[in-house]
Amino acid sequence: MDTNKKLVAEKAVEEIKDGMTVGLGSGSTVYWMLQALGERVKDGLEIVGIPTSQKTEKLAKELGIPLADFSSVDGIDLAIDGADEVDPHLNLLKGGGGSLVREKIVDILAKRLIIIVDETKVVDYLGTFPLPVEVVPFGWETTSKRIAEYGCLPRRREQNGEAFISDNGNYILDCDFESIEKPAELHENLKMLVGVVETGLFINMADVVMVGHAGMVDVLTKA
Ligand SMILES: O=C[C@H](O)[C@H](O)[C@H](O)COP(=O)(O)O
């Protein structure tokens, strides 16, 4: 399975050119993207990266990928990120690793967003993968009940028997909807709830989705 992740990651890195400011996504597919980008940087490619998580920041530094101070960049030329699910309209469900807020802040600024996935992530409807929603810890039980009114079963994410804490110091609620028929509407409704920081629904953001399968890469673009 990692063969397809590596393949698609390497294909996406071909899109990075000298002088670019590049949004660096998060996750196990992005891990391979960083490895390939690290090699190109060693060979002389001149770029700066904006990481979307502490994990990505750490790995990028280890690989010698120069990072920019986010507050000092004018814009992002290209972002490359993973996803947990992709629908036929290229809407995304993200946040399986808990990095959805920083990812959305960086990805939305990018002039071009390329998503890299293997074929297991391509679905007809989002929602089989529980939707991650980042919430403020204060009053999270109340926020969770209000989210549940939209037809899901939210569970607070745990790690090693404790609440998982995002890079922003918040909780993640994994919300089991089974199938999300109107992702844009659901995202807007959830965002209206006080206590909700962000949802893992990335609507109309991806320009290109590269899908690795059976040793090949399919390139899906917005219709
Ligand atoms: O929070 C994590 C991110 O949204 C990841 O990009 C997403 O979970 C996909 O990760 P992976 O490539 O490991 O499946």
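Asp167 is partly exposed, because 18 other C-beta atoms lie within 10 Å of its own; a residue counts as buried if 20 or more other C-beta atoms lie within 10 Å, as exposed if 12 or fewer do, and as partly exposed in between, with C-beta atoms placed from the backbone. This is a predicted model, in which local features need pLDDT of at least 70 and side-chain atom pairs count only at pLDDT 80 or more, while totals for chains, interfaces and linings use all residues. Residues are numbered from 1 along each chain as its sequence is written.

**Asp167 and its surroundings**

- Asp167 is placed in the loop between strand 10 and strand 11 (171-176), where helices (H or I, at least four residues) and strands (E, at least two) are DSSP runs numbered from the N terminus.
- Leaving aside neighbours within four places in sequence, Asp167 is in contact with Ser53, Gln54, Ser99 and Arg102, a contact being two residues whose C-beta atoms, placed from the backbone, lie within 7 Å.
- Between the C-alpha atoms of Asp167 and Val133, which are 34 residues apart along the chain, the separation is 14 Å.

**The two domains**

- The domain assignment of the protein gives domain 1 (2-120 + 203-214) and domain 2 (131-197), with bounds that come from an automatic or database domain assignment.
- Taken over C-alpha atoms, the centres of domain 1 and domain 2 are separated by 24 Å.
- Twelve residues from domain 1 and 13 residues from domain 2 take part in the contact.
- On the side of domain 1 that touches domain 2, helix 4 (residues 100-109) gives the most, with three residues.
- That side of domain 1 is made up of four nonpolar, seven polar and one charged residue; here Ala, Val, Leu, Ile, Met, Phe, Trp, Tyr, Cys and Pro count as nonpolar, Asp, Glu, Lys and Arg as charged, and the others, Gly among them, as polar.

**Helix 4 and Glu103**

- Helix 4 is mostly covered, since seven of its ten residues are buried, and these are Leu100, Val101, Arg102, Glu103, Lys104, Val106 and Asp107.
- Glu103 lies in helix 4, and UniProt, in an unreviewed entry, places the feature "active site" at this residue; UniProt positions are given in the numbering used here, feature names are shortened, and annotations may be inferred rather than shown by experiment.
- Glu103 counts as buried because 31 other C-beta atoms lie within 10 Å.
- Not counting residues up to four places away in sequence, Glu103 touches Gly25, Ser26, Thr52, Asp81 and Lys94.

**The shell around the ligand**

- The ligand is surrounded by 17 residues, of which the closest are Gly27, Ser28, Gly82, Gly96 and Gly97; a residue is near a molecule if its C-beta atom, placed from the backbone, lies within 6 Å of it.
- By class, this shell has two nonpolar, eleven polar and four charged residues, and helix 2 (28-42) and helix 4 each supply at least two of its residues.
- Gly27 is found in the loop between strand 1 (21-24) and helix 2, and this glycine is buried because 25 C-beta neighbours lie inside 10 Å.
- Apart from neighbours within four places in sequence, Gly27 is in contact with Gly82 and Gly97.

**The largest nonpolar core**

- The largest nonpolar core has 54 residues, and those with the most contacts inside it are Ala12, Met33, Ile115 and Ile116; such a core is a set of buried Ala, Val, Leu, Ile, Met, Phe, Trp, Tyr and Cys residues joined through C-beta atoms within 7 Å.
- Strand 6 (residues 110-118) gives the most to this core, with six residues.
- Both domain 1 and domain 2 give residues to this core, so it lies between them.
- Ile116 is in contact with Val8, Ala9, Ala12, Thr29, Met33, Ile80, Gly82 and Met210, when its neighbours within four places in sequence are left aside.

**Positive phi outside glycine**

- Asn160, which is not a glycine, has a positive phi near 50 degrees and lies in the loop between strand 9 (158-159) and strand 10 (162-163).
- Asn160 is exposed because 5 other C-beta atoms lie within 10 Å.
- Ala214 also has a positive phi, of about 45 degrees, and is found in the loop between strand 14 (208-213) and strand 15 (216-221).
- Ala214 counts as exposed, because it has 9 C-beta neighbours inside 10 Å.
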